[in-house]
Amino acid sequence: MGVLAQWLYETATTCPSTFCGEASWLTRYLGSDLALVAWWDVVFTVLNWVVSYSFDNSSMYDPYWSVAPIPMVIAFAKWAGPVFHWRRVFVVVGVLVWAVRLTTNFFLHGPAGAGHREDWRYVMIRGVAGPYGYWLVSLLGIHLYPTVLVFTGMINVYEATTFGADVPLTWLDWLSLVACIVAIVFESVGDEQLWQFTRTARAGSNMELGLWQYTRHPNYFGEILFWWSMFGFALSCREWEWARLLWLGPVLILAQFVFISIPMIERRLVVRKNGYKRYQRRVSCLVPWFPRPERRAR
């Protein structure tokens, strides 16, 4: 515990003098435009919760996950000034393509495209929390919590677009660019393959084609990889000392999917899909890999 406490103290009170002298990174952020963005992010999230409450449907929030980063990254690019840098181009274009693609998919194939039905996870939470407790859970867990996750991920976008104009591209930038492209492709192809499958599949059948034969959650893999690519861009123009701050967003998003989203949906799929346990034994959960051969019964 002593080592952990010392690490937290150093993280909160030090940063590279090249960028902020004696001021702590916390003081630096609280005094920046990023703090104003965080404030408005919370305000719009609460307003979104009011709309959700009015329509009795927490899924009204869902597209905010991908819509909010659009004005954020545009603002970050504007604050960066007119100085051209390829890193900024990669980050801004990457975020915009990711955001527009994900938002479009939601309205075409998600709950908004199917009569505004509420997400099955929210319905489950509603049944557990009851009619009164549900809306408190909705505010804290369904609305504010994802907003915090995305905002911590956007800190890396802020760093990569606002700073480092005098830092040339490095191998980490090119690696991050490849990761960003792979992430968007995996999400796009995975979502489209699943949508085409569900249009014609029989009830209870399981998707095991395309990317889904190499990972059980190609769209989740793409989402996680996207935020790690933003981390790479930010780290490439910062001293490595900043890594202990910049990793926060992608780690929290990774933890959300690995410990909450994936276990929740897998429990549901085991019950609803034929042969899903066999599929679990054969196919990687998250990171794409070649499927394991089936064992023949003796």
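The model is predicted: local features need pLDDT of at least 70, side-chain atom pairs count only at pLDDT 80 or more, and totals for chains, interfaces and linings use all residues. Residues are numbered from 1 along each chain as its sequence is written, and side-chain values use heavy atoms, without hydrogens and water.

**Second largest cavity**
- The count is 2 cavities of 30 Å³ or more (a cavity is a set of points on a 1 Å grid over the protein atoms alone where a 1.4 Å probe fits but cannot get out).
- The second largest cavity holds about 30 Å³ (the space filled by probe spheres set on the points).
- Its lining (residues with an atom within 4 Å of a point) is Asp 41, Tyr 61, Tyr 64, Trp 65, Ala 68, Met 72, Pro 146, Thr 147 and Val 150.
- Helix 5 (64–67) and helix 8 (120–162) each give two or more residues to this lining (helices are DSSP runs of H or I, at least four residues, numbered from the N terminus).
- Helix 8 gives the most, with 3 residues.
- By class, the lining has 7 nonpolar, 1 polar and 1 charged residues (Ala, Val, Leu, Ile, Met, Phe, Trp, Tyr, Cys and Pro are nonpolar; Asp, Glu, Lys and Arg charged; the others, Gly among them, polar).

**Helix 6 against helix 8**
- Helix 6 (residues 69–79) packs on helix 8 at about 25°, with the axes 9 Å apart (axes are lines fitted to C-alpha atoms over the stretch in contact; angles run from 0 to 180 degrees between N-to-C directions).
- The two helices are therefore roughly parallel (angles under 35 degrees).
- Pro 69, Met 72, Val 73, Phe 76 and Trp 79 in helix 6 meet Val 150, Phe 151, Met 154, Val 157, Tyr 158, Thr 161 and Thr 162 in helix 8 (heavy atoms within 4.5 Å).
- These contact residues divide into 10 nonpolar, 2 polar and no charged.

How values were computed
On a 1 Å grid over the protein atoms alone, a cavity is a set of points where a 1.4 Å probe fits but cannot get out, and a pocket is an open set with protein on both sides within 12 Å along at least five of seven lines; lining residues have an atom within 4 Å of a point. Angles under 35 degrees count as roughly parallel, over 145 as roughly antiparallel, 65 to 115 as roughly perpendicular and the rest as oblique.
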